[in-house]
Amino acid sequence: MEPKKIHKKLNELASTAICGNDISSSVLYVSALAIAFAGQYAWITLLIVSLVLFLFRKIYGEVVGALPLNGGAYNALLNTTSKGMASFAATLTLLSYMATAVISANEAIHYLHHLIPSMPIILSTIGLLLFFAALTIGGIRESSRVAIGIFLFHLSSLVVLSGFIIYFLTNNGIELFMQNWDFPVKGGSVINAIFLGFAASMLGVSGFESSANFVEEQKAGVFPKTLRNMWAIVSIINPLMAIFALALFTIPVLQSSEFQNTLLIEMGHYVGGKWVAILIAADAFLVLSGAVLTSFVGVTGLLERMTLDRIMPQFFLKKSRTGSSYRIIIMFFLLSVSVLLITNGDVKLLAGVYTISFLSVMALFGIGNILLKVKRNTLPRPETASWPSILLAIGAVVIALIGNILMETPKGSPSNVVVFLDYFVPSIIFIIIMLNRTLLLKFLLNIIHTIFDPIRKFVFKIDKNIVAIINHINSQEFVFFTKGDNIATLNKVMLYIIKNEHTKKIKIVLALEKGQVSPPNLSNEIEFLGKEYPEINIEFLVVEGKFSPKLIQELSQKWDIPVNFMFIGSPSDKFPYKIEELGGVRLII
């Protein structure tokens with residue numbers, strides 16, 4: 001028997017790389033997004049986000065430390081509330097991963113399109129999703145190697161870019177930053193600018209929740225280190241890039257649509273020339289691809305847990321030889337491709353899904369921590385978040401959620417709430433059906449019984465009557481009088497019954513007068529016929545008396561059955577009586 005393959009768990013670097021690619025890829029868009037709303041205060045809003053994330057480190061550490069299972073917010077709520085509430089959180093998490101995968105893959109291809117203009121966007125995006133689906137099916141350790149390579153290349157690229165920017169500012173000064181600091185605030189209110197900038201900047205921590213969704217794949221003690229590492233990364237690079245951008249370009253330029261989409265590439269080109277811009281474009285493609293990988297790994301851990309809890313069909317638990325739940329991965333791939341095709345490649349429509357679902361999951365995780373303290377306080381945990389920090393963290397996420405709901409979308413585009421509900425409602429309906437499928441099946445069964453039971457009873461009654469008639473017909477016996485005929489003659493009788501009679505019962509009767517004896521081989525021949533024709537019930541009887549019409553009538557009355565009398569030969573040879581003398585008994589010659 002082949003020994004079961006042991007799947008090694010992930011170390012700190014591998015775990016950090018898998019979820020870190022997602023959260024660190026935010027540097028490509030979050031600085032520009034924060035500047036668009038908060039202007040010169042963008043770096044402050046990003047530091048506030050860092051503070052909120054610091055509070056969530058303790059929250060995630062306490063919950064996952066007490067309940068070290070895959071599932072993130074789903075797992076937290078499952079152990080403190082109901083399966084329905086946990087499934088609500090799981091639906092939001094699934095939508096967040098779906099939006100992340102599609103948006104990241106599409107944006108990655110757009111960055112690569114800068115280097116290869118002839119590349120088809122939608123087809124290439126599907127190809128990228130397929131590549132990471134196949135990579136994840138290959139096993140999480142194989143996926144982690146790719147994630148590590150992307151992660152280290154990304155950090156190295158940011159170091160190179162930062163080096164060129166620092167060198168440029170050393171030679172040219174930071175006067176532009178000071179000018180931007182005095183630039184009139186958008187909308188005229190500093191508080192409103194920071195509020196909207198903070199709401200937009202909170203998107204930069206997407207991916208922080210991913211580590212909790214595959215904690216079972218990590219070595220002991222690795223999970224809190226992944227939280228620390230992700231917090232350190234976004235706390236440094238996101239505010240720093242916002243400061244660099246404000247020191248290199250004016251706010252109106254930074255708020256233009258061109259710079260919103262490719263800020264870091266423009267920065268690289270400005271301070272280091274074409275090859276630095278190419279480096280950043282390549283890095284953007286890779287790290288956004290890494291965010292796609294994060295989505296596949298995270299959603300696999302989540303849906304595995306939901307399947308084990310019998311919310312999803314057990315069909316999804318089938319494992320590949322590498323230990324991956326390949327059916328979950330294929331399903332998620334098909335879902336992502338369908339969303340890409342439905343939006344026709346305009347994945348910015350998914351911003352509402354991505355924003356509201358991600359922030360809601362963060363808030364629900366904080367609520368899960370509160371419930372864990374209240375309901376499961378006896379569970380041991382390696383660290384504990386204080387009440388003020390939990391309430392402050394949840395409040396900050398709710399503020400960011402409100403800000404994104406109130407945020408104006410481009411003219412002609414639906415609001416974030418409308419887009420979110422377009423995807424959330426069908427998803428939650430599916431989950432509700434899966435949660436209540438036993439109840440729904442019982443309801444369907446009751447409807448079927450109400451409609452078809454009267455018909456079934458009617459059919460059963462008819463069936464019973466028909467069977468009774470058939471049994472009555474088949475119960476009528478056929479009687480054959482023999483004088484010791486050979487087996488060939490007896491065989492003709494059997495063939496006659498099979499071809500012409502309804503009954504499958506026969507009495508073979510031998511009438512013997514006093515002094516007569518039965519032919520020696522007759523009983524053996526009849527026994528042989530019984531084996532040859534098992535469908536016919538053969539009964540052999542020897543009666544005392546002279547073979548005559550009188551004997552036939554006596555036996556007919558005794559057995560209380562109509563007797564079919566048959567013999568082979570002619571009446572003059574075997575039975576010299578007229579047919580009328582048989583009293584209605586059928587004579588077959």
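Biologist: How many bridges join strand E2 to strand E3, and do they run parallel or antiparallel?

Modeller: Eight bridges join E2 (residues 505–512) to E3 (residues 537–544), and the two strands run parallel. Strands are DSSP runs of at least two residues, helices (H or I) of at least four, numbered from the N terminus; strands pair if DSSP finds at least two bridges between them. This is a predicted model, where local features need pLDDT of at least 70, side-chain atom pairs count only at pLDDT 80 or more, and totals for chains, interfaces and linings use all residues. Residues are numbered from 1 along each chain as its sequence is written, and side-chain values use heavy atoms, with hydrogens and water left out.

Biologist: What stands opposite leucine 510 in E3?

Modeller: Valine 542 does.

Biologist: Switching to helices. At what angle do H11 and H13 cross?

Modeller: Roughly 55 degrees, with the axes of H11 (residues 223–248) and H13 (residues 257–272) coming within 11 Å. Axes are lines fitted to C-alpha atoms, for helices over the stretch in contact, and angles run from 0 to 180 degrees between N-to-C directions. H11 is therefore oblique to H13, as angles under 35 degrees count as roughly parallel, over 145 as roughly antiparallel, 65 to 115 as roughly perpendicular and the rest as oblique.

Biologist: Which residues meet there?

Modeller: Met241, Phe244, Ala245 and Leu248 in H11 meet Leu263, Met267, Tyr270 and Val271 in H13, contact being heavy atoms within 4.5 Å.

Biologist: And how far apart are the axes of H5 and H18?

Modeller: 10 Å, with H5 (residues 83–115) and H18 (residues 416–435) packing at about 140 degrees. That angle makes H5 oblique to H18.
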